[in-house]
Amino acid sequence: MALVFFGTDPNSGGGNCPAVWVDTDTAQGPELVLQGKFADATTQAACGQDSPPADDEGIVRIPLSMLEQIRRACDAAEAAGTQL
């Protein structure tokens with residue numbers, strides 16, 4: 001696993017979650033790795049109507065204050081994917 005760290009929520013106050021990484025070493029190509037708060041049961045049920053999560057998946061909330069870090073991570077993942 002080759003994780004590249006892109007940052008935490010600037011509003012977290014303690015440098016912990018939410019956070020974003022790019023894993024550049026997967027068989028499918030680069031992937032985003034997100035850390036966030038688990039969504040509540042109501043949100044999980046509503047999301048499950050559109051896309052029921054598999055047993056090894058979960059639904060997390062990521063605040064809009066993470067957009068800059070996520071954009072940078074997406075750009076890096078896209079660039080790494082073109083080099084595979």
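Visitor: Which residues make up the largest nonpolar core?

Guide: A nonpolar core is a set of buried Ala, Val, Leu, Ile, Met, Phe, Trp, Tyr and Cys residues joined through side-chain atoms within 4.5 Å. Buried means under 20% relative accessible area, exposed over 50%, partly exposed in between (1.4 Å probe, protein chains only). The largest such core has seven residues: Phe6, Val20, Val22, Met66, Ile70, Ala73 and Ala77.

Visitor: What kind of model is this, and how are residues numbered?

Guide: The model is predicted; local features need pLDDT of at least 70, side-chain atom pairs count only at pLDDT 80 or more, and totals for chains, interfaces and linings use all residues. Side-chain values use heavy atoms, without hydrogens and water, and residues are numbered from 1 along each chain as its sequence is written.

Visitor: Which residues does Ala73 touch, not counting residues up to four places away in sequence?

Guide: Ala73 is one of the buried residues of H2. Contact means heavy atoms within 4.5 Å. With that sequence limit, Ala73 touches Phe6, Val20, Val22 and Leu32.

Visitor: Which residues are exposed on the other side of H2?

Guide: Gln69, Ile70, Ala73, Ala77 and Ala80 are the buried residues of H2. They pack against strands S1 (3-8), S2 (19-23) and S3 (31-35). On the other side, the exposed residues are Glu68, Arg71, Asp75 and Glu78.

Technical notes
Helices (H or I, at least four residues) and strands (E, at least two) are DSSP runs, numbered from the N terminus.
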